[in-house]
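Please open the model in a viewer and keep the selection tool at hand.

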Amino acid sequence: MSTFNINRFSQALKCQFLVLRKTWIRLFGIFTLVMFMADLFFTRVQGTQYDTLINSFPTEEVIRTYTNHVEASFAFGMIFFCFSMLFGASFLFSGMKDTRKRSAFLLWPVSNLEKYTINLLLSVLWLAVITIGAYLLADGLRVLIDWLTGRIVIWGPLKPFANALGPAPAEHWQMAWMLLAWIFYTHSLYIVGGTLFRRQQFLLTSCTIVLVAILLTMLLNQIDWNSMDIEFVTGTWDEKTKTYTQTFHPLFYILNTAVTLLIFVHYWASYKLFTRMQVINNKWLNV
């Protein structure tokens, strides 16, 4: 059997999607309900009441304040999206908890690489689509209620996206690299945890990360960093040109390169752990 065949892969992906369609519908409903309730909380519960705004402030102030409330709900949606990505990563193989389901999936006439890629696409990319769709639907329902109750209509995604598409600040690419590297590094940790642990994947992965972080912090605190005089990022202000220049220490590049490489190592380790899964396994670990 070839390692990867696109026709065989597409048929298996379609089959797995149909098998899990009830799970996707349930998650979509739960996500929509959570974000819709959050929208109502930020626009109708917290902050100054809408009737007070209308009676006490001019129209411009009402629009500005209500826009801030909507942006708060958008910020919650972004945080919820991040958690849903970690949730999806940790539940990469959650559909293989019992022997019957493990047997049905592992005995598929497709290669291990195709099986792993199918679960990765559905648990990460498709869950991202579901989360975004749930947010848009929840925001649409909130806008509909605002319109029916006579409030001003402000769509959640429009204002933040307008700011993002506006003039970009003079940011260094190194900072964007560092941010993306650590985001995908954390996500890759949950990918490994979702493959390694057979039960309670999200909880056990989170506890393991917290425990390792505490131990690592205790270890690093034993080092006298002040004597090393290391500053990863330094800046200077030029009075003549009125510009601020940042300088990055070589260790900054070394650390972020190591983090970036570890992302690929974690995905490779996750795949290797998957290839070692057995049909009959009553242990907490998939090894």
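**First stop: a charged pair**

Select Arg64 and Glu61, whose side chains meet in a salt bridge at 2.4 Å, N to O. A salt bridge here is a side-chain nitrogen of Lys or Arg within 4 Å of a carboxyl oxygen of Asp or Glu. The model is predicted: local features need pLDDT of at least 70 and side-chain atom pairs count only at pLDDT 80 or more, whereas totals for chains, interfaces and linings use all residues. Residues are numbered from 1 along each chain as its sequence is written, and side-chain values use heavy atoms, with hydrogens and water left out.

Arg64 and Glu61 are separated by about one helical turn, because they are 3 residues apart in helix H4. Helices (H or I, at least four residues) and strands (E, at least two) are DSSP runs, numbered from the N terminus. Arg64 counts as partly exposed at 47% relative accessibility, and Glu61 is also partly exposed, with a relative accessible area of 24%. Buried means under 20% relative accessible area, exposed over 50%, and partly exposed in between (1.4 Å probe, protein chains only).

A search of the whole structure finds 5 salt bridges. Arg142 forms a salt bridge with Asp139, the closest N and O atoms being 2.7 Å apart; both residues lie in helix H6, 3 residues apart, about one turn of the helix. Are Arg142 and Asp139 buried or exposed? Both are buried.

Asp146 in turn forms a salt bridge with Arg142, with 3.0 Å between the closest N and O atoms. Asp146 and Arg142 lie 4 residues apart in H6, about one turn of the helix, and Asp146 is buried, as is Arg142.

Switch to a cartoon view. The protein chain has 11 helices and 2 strands, and from the N terminus on its elements run α-α-α-α-α-α-α-α-α-α-β-β-α. Of its 287 residues, 33% are buried.

Select helix H2 (residues 21-45) and helix H4 (residues 59-90), which pack at an angle of about 150 degrees with their axes 9 Å apart. H2 is therefore roughly antiparallel to H4. Axes are lines fitted to C-alpha atoms, for helices over the stretch in contact, and angles run from 0 to 180 degrees between N-to-C directions. Angles under 35 degrees count as roughly parallel, over 145 as roughly antiparallel, 65 to 115 as roughly perpendicular and the rest as oblique.

Now select H6 and helix H11 (residues 250-275), which pack at about 120 degrees, their axes 10 Å apart. H6 and H11 are therefore oblique to each other.

**Last stop: a nonpolar surface patch**

Select Leu137, Leu141, Leu144, Trp147, Leu148, Val153 and Trp155, which form a nonpolar patch on the surface with about 690 Å² of accessible area together. Patches are made of residues with over 30% relative accessible area and no salt bridge: like charges are joined within 9 Å, nonpolar side chains (Val, Leu, Ile, Met, Phe, Trp, Tyr) within 5 Å. Accessible areas come from the Shrake-Rupley method with a 1.4 Å probe; for residues, only the protein chains shown count as cover.

Finally, centre on Leu141, which lies in helix H6 (residues 112-148). Leu141 is partly exposed, with a relative accessible area of 34%.
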